[in-house]
Amino acid sequence: MVKTISCLYENDNQLNSFIDLHDLFEYPNLLVQVFSGINDTRRLKEVQRTLSESLPTSTILGCTTAGEMMDGELYEGQIVLNFTIFEKTELNSVLLNQSFYKDSFEMGKQLATSLSSYDTKAIILFSADEKVDVQLLLNGIYEVSPELIISGGVAGDYGQFEQSFVFNETEIISSGVVAVALRSEQLQVRTYTNYKWHEIGQAFTVTKSKDNVIYSIDHRKPLQIIRHYLGDIFVEGLPLSGVEFPFLLEENGEKISIFITKVLANGAVEVNRSVIEGKKLTFSYANLQGIIEDSLQELKKLSKHPVESIFIYNCMARKRMIRPFTEYELQTFNRIAPTCGFFCYGEFATKTKAPTQLVGHTLTYLALSETYEVQNRTSISPNFVVPENMKVIDSLTHLMQASQADIRTLNEHLSVSEQYYRSLFDNNADFVYSTDLQGNFTSTNPAFEATFGYSQEEVLGKSALKFIHQQDIPRVRMHFYRALKGKEQYYNIEIQSKDKEVQLFQLKNIPITVDGERVGIYGIGRNITEQKIIEDKIIQLAYFDQDTGLPNRLKLTEQLKELIQRAKKKKRSLAVMFIDMDRFKLINDSLGHYAGDLILKDLIRRVRKSLPKGAFLGRFGGDKLSLLLSKDVSIEEVTKIANNILEKVSKPVFFENQEFFVTASIGVSMFPSDGLDETTLLKNADISMNRSKNHGGNLLTFFSNEMNEQALVRLELESYLRKALQKNEFYLCYQPLIDLHTGAIYGSEALIRWEHPLRGTVSPGEFIPLAEETGLINDIGSWVLRTACRQTKEWHERGLGELTISVNVSAYQFQQPGFINDVKRALAESRLDPQYLTLELTESTMLRNIDHSIITMKQLQVMGVKVSIDDFGTGYSSLSYLRSLPINTLKIDRSFINNLRLDTSDIAIVKAIITMGHGLAVKVVAEGVETKEQIELLKELKCHYAQGFYIQKPLKIADFERNFSKTVI
């Protein structure tokens, strides 16, 4: 027989009277379960002392609760004593303090070792304190005795989640477990667990956790996630409110509830069991209808079994959410057999061939009997009438399920979109990755692994900064934050792959925006190592003289521009010096260019020995050197340096036992007195040098104010220029453009000429810069464009063939807002098809405002108008932009063609430009062709087109028409 009787504890006298009344001291196997709704240890010690004195042979098992049960009734804030008398069952108990064990797993193993034996049918277990990892404890028990039935729960403190207690006959502890083993071959044990859940919404990933504390979910604070989905009121009610909407965690193929027991100040949460990083969590709510139906069915089954006592361990959440049914359920259990138990912070559900699980929102019971006979009892036919408020909850449940189904349907559509995205992501030949707001990798595509050798598992969750050089971190971090602000970022960076190979990559960073908020960035990149090597070779060819290794005119101009900017900020002076070897042509003509180059290199070595620190020496072309001085610049110091150079150069030069004498002419211009920009300073230094040469050479000349007399002439020219367009003093000449493959004319370049009634023919070199400075170039340029288009259309109609026309566009004209409309108007008025019009832009024009230039060039391409880069190679920044410019033609500057011969370095530069043009799928035009040798070399180098005096000089309309059929090569 297993008999249970219960009472409420009032005081010691009342308890002793109850013990005497029921002769409880006579029973050797007496289990006393004490469930206290009072957390006062003084009161608990009173009960403990009275029981120990009155029932010294009894086994006491007790804990604090979140609600008590007795005789089928629900109590709160009471101390309930439950006395269970066993006739054929022995009791063996243990109390273990967590502080004495390395972890809860070891404590569980010790508990099982102490209590399990061949005839142990069940263990009743109560635990206290969140430091006890209950699931780890249960796993430890399973490790030793996998067949044991475990029943019980986690002690409560009425929703305070601060401190709970467990105790036995002698001790009360706040961190540990108390347990009793029921040992008998005759004891029949039946256990049952009733919990059902609905999952809500998406699954989350635990991204940072330790033991029972979850620090981040999907890389966000758990409290942020909870507040977003369940609201501020729910958060304010934590941890008590958490029992109504716990997390679900998949464990051993089953969804187990996780309850929040504490909210930490940093936004993390502590839960009632340990959670491993990478686990998936979902919000959940109780399936009330399913719980009620299962419970009613179980009550019917239980009524047909031999049951003498029932121990119930129920979740406090059931008391809060479905109290009417919970009360009905307890009453029905009590009709089957006397019941006792308490409301827990977590219940133990024994599973077959798996560790007992810590669950929640659950009713568990342990039904005991020492007989096989079913007791005579009133027929049990449970029939619960659902209250109206629970019907509302059930309706809300159906609503949530229907909404969940709608969301699943939506997710299916999103899945299709995701597949489109993945196709673009995974099949992209460029490597693609994404990061979160902290710069940690969140995804990579296959091209990323192929490029760097790292798998997704090796990089996901790690900072992208760990994979770059230390010195690049500030720059990469800057681009990262700029991208987060919404601006696309482009930059080049060297990255070392997994196999230690360092290569150069071009990266693009763009922000990832979700619901209007930045959540990370995408990175897209490609390997540009080979491309950079080619660019460096081209830059070397473009910026440095191949014979002497000195910086060439392009590099010198760039350096001078930088020095001027620094000098303006620091208010310092600069000196620009041109050094030209006098009558050096005689050496070339008499000894040959090879000897001339050797002698020039010797003279350059002499010049270098005369230079102070901070001097910048370059070769401006031929035997002309340029020198920039930026330190200790004064007339006296510059004079000293120049005279030293003259002295060194004038010493005899020996070549093949012959003695030669060379002198130099030097011209100097000073910043800021002789010019404020690089063009003016170089021009004035050149003028000064020519004056030295005109005075016999071996001389130093400073640029003087008298040289500015030309400025007066310039003012007069400006006055004439403003009236020239009105007086029809301009006219166009047309220089034929030849197809080097066929030898025939395919078009012409329109070149403006000015015939002034008093000054005669004015060179474009004089009036074009003046027109640009005064703004007159816009009107003049529009006139040239309209006139050239009209004349070309007239030639089409007269049967001269489908000639093209190339028109130069100034920087000022190109940057005007109405430029595109001017082009459209010229085409409309002339009725010329856009495909026959080519607009020539200089590199400096395009690079002045690169973003605007690209937009304008694309608009021209859409219209059908072709775009050409004029004087290519004279700029210094275009190489980095060239691949992204929408162009049709490259026009090699005449400075590279002038000396184009097999024995010159210019052929290497021209070849590089033509090769680059073929690589970019653009046509290449050589201008300034003056010899048959140059024509033949250009053909051999596979240049497409050419123009120059050897073919034909610029012609007036009549001369062009008259020589049209004769101009072939």
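Reply: Happy to. This is a predicted model, where local features need pLDDT of at least 70, side-chain atom pairs count only at pLDDT 80 or more, and totals for chains, interfaces and linings use all residues. Residues are numbered from 1 along each chain as its sequence is written, and side-chain values use heavy atoms, with hydrogens and water left out.

Me: What makes Phe204 buried?

Reply: Its relative accessible area is 2%, and buried means under 20% (exposed is over 50%, partly exposed in between; 1.4 Å probe, protein chains only). So Phe204 counts as buried.

Me: And why is Tyr229 called partly exposed?

Reply: Tyr229 has a relative accessible area of 41%, so it falls in that in-between range.

Me: How many aromatic pairs turn up in the whole structure?

Reply: The search finds 35. Rings of Phe, Tyr and Trp (its six-membered ring) pair if their centres lie within 6.5 Å; planes under 30 degrees apart count as stacked, over 60 as edge-to-face and the rest as tilted. Phe204 sits in strand 14 (residues 197-210) and Tyr229 in helix 5 (residues 222-236), 25 residues apart. Helices (H or I, at least four residues) and strands (E, at least two) are DSSP runs, numbered from the N terminus.

Me: What makes Phe333 and Tyr365 an edge-to-face pair?

Reply: Their ring centres are 5.4 Å apart and the planes are at 70°, so the pair passes both cut-offs. Phe333 is in helix 8 (residues 323-336) and Tyr365 in strand 25 (residues 363-369), so the pair ties together parts 32 residues apart in sequence. Phe333 is buried at 1% relative accessibility, and Tyr365 is buried at 0%.

Me: How do you know that Lys208 lies over the face of Tyr215?

Reply: A charge sits over a ring if NZ of Lys or CZ of Arg is within 6 Å of the ring centre and within 35 degrees of the ring normal. Lys208 is at 5.7 Å from the ring centre of Tyr215 and is listed as lying over its face. Lys319 likewise lies over the face of Phe343, at 5.4 Å from the ring centre.

Me: Which residues make the contact between helix 16 and helix 17?

Reply: Leu603, Arg606 and Val607 of helix 16 meet Ile645, Lys648 and Val649 of helix 17, where contact means heavy atoms within 4.5 Å.
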